[in-house]
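Q: Could you talk me through this model? I'd like to begin with the overall fold and then go into single residues.

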Amino acid sequence: MWGYLHLISWAAIIILTLAAWISYPKSEKGFTIFAMIDRVFYLVLILSGIMMIQYSIETNWLVALFKILMGIVTIGVIEMLLSFRKKKRPTGLFLVLFVVAVVITIALGFYLSGGAPLF
């Protein structure tokens, strides 16, 4: 169950982040709504991640630790991406970092779960 919740949260965060990033020039209110919903999914993601730590540590504790750190970095990059977008500063670097961080984090999650993210 936690695996499903974790996977759905990642998908929602990616979609909401891109929706917020795209919507900003057109709608500041829409941007704020997407960003706030994004933050709610951070909480769900962190909770489900905490509940699944035991499975990850049993598989490979070093990779699990790196995945936890990458998850935190990914959330930080998302927040920087959205804050730079709102301040109308260049976001190209953070967009690239967002894609790289998400790919690494999700790849580590699939590795730890043995190819299937559902426990």
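What follows is a conversation about the fold, the cores and some individual residues.

Q: Before we start, is this model predicted or experimental?
A: This is a predicted model, and what I say below is computed from it.

Q: How many helices and strands are there in the chain?
A: The chain has five helices and zero strands, and from the N terminus on the order of its elements is α-α-α-α-α.

Q: And how compact is the chain for its length?
A: The radius of gyration is 15 Å, close to the 14 Å that the globule rule gives for 119 residues, so the chain is as compact as a globular protein of that length. Along the principal axes, the C-alpha trace spans about 45 × 25 × 20 Å.

Q: What share of the residues counts as buried?
A: Of the 119 residues, 36% count as buried.

Q: What about contacts between residues 24 or more positions apart?
A: Among the contacts in the chain with a separation of 6 or more, 75% are accounted for by residues 24 or more positions apart.

Q: Now the inside: which residues touch the most other members of the largest nonpolar core?
A: That core has 17 residues, and those touching the most other members are I13, F31, Y42, L45, I78, L82 and F98. At least two residues of this core come from each of α1 (2-23), α2, α4 (61-86) and α5 (92-112), with α4 giving the largest share, six residues.

Q: Is there another core apart from that one, or which residues would be in it?
A: Another core, of six residues, lies apart from it, and its members include V63, A64, M70 and A101. As a general point, nonpolar side chains in soluble globular proteins tend to be buried together.

Q: Going back to I13, what is in contact with it?
A: Once its neighbours within four places in sequence are left aside, I13 is in contact with D38, F41, Y42, L45 and I78.

Q: And L5, where does that lie?
A: L5 lies in helix α1, where it counts as partly exposed at 31% relative accessibility. Not counting residues up to four places away in sequence, L5 touches V44 and S48, and its C-alpha is 9.2 Å in space from that of G49, although L5 and G49 are 44 residues apart in sequence.

Q: Let's jump to T105: buried or exposed?
A: T105 counts as buried because its relative accessibility is 1%, which is under the 20% cut-off. This residue lies in helix α5, and it touches W10, K67, M70, G71 and T74 when residues up to four places away in sequence are not counted.

Q: Turning to the loops, where is M52?
A: M52 is in the loop between α2 (28-51) and α3 (53-59), and with a relative accessible area of 7% it is buried. M52 and M1 are 51 residues apart in sequence, while their C-alpha atoms are 9.8 Å apart in space.

Q: What separates the C-alpha atoms of N60 and S9?
A: N60 and S9 are also 51 residues apart along the chain, and their C-alpha atoms are separated by 23 Å. N60 lies in the loop between α3 and α4 and is partly exposed, with a relative accessible area of 24%. Leaving aside neighbours within four places in sequence, N60 is in contact with Y111 and L112.

Q: Which phi does K88 have?
A: K88 has a positive phi of about 60 degrees, although it is not a glycine. Its place is in the loop between α4 and α5, and K88 is exposed, with a relative accessible area of 68%.

How values were computed:
Residues numbered from 1 in each chain as written. Predicted model: local features only at pLDDT ≥ 70, side-chain atom pairs only at ≥ 80, totals over all residues. Heavy atoms only, no water. Helix = DSSP H or I, 4+ residues; strand = E, 2+ residues; numbered from the N terminus. Buried < 20%, exposed > 50% of the residue type's maximum accessible area, 1.4 Å probe, protein only. Core = buried A, V, L, I, M, F, W, Y, C linked by side-chain atoms within 4.5 Å. Contact = heavy atoms within 4.5 Å. Rg over C-alpha atoms; globule rule 2.2 N^0.38 Å.
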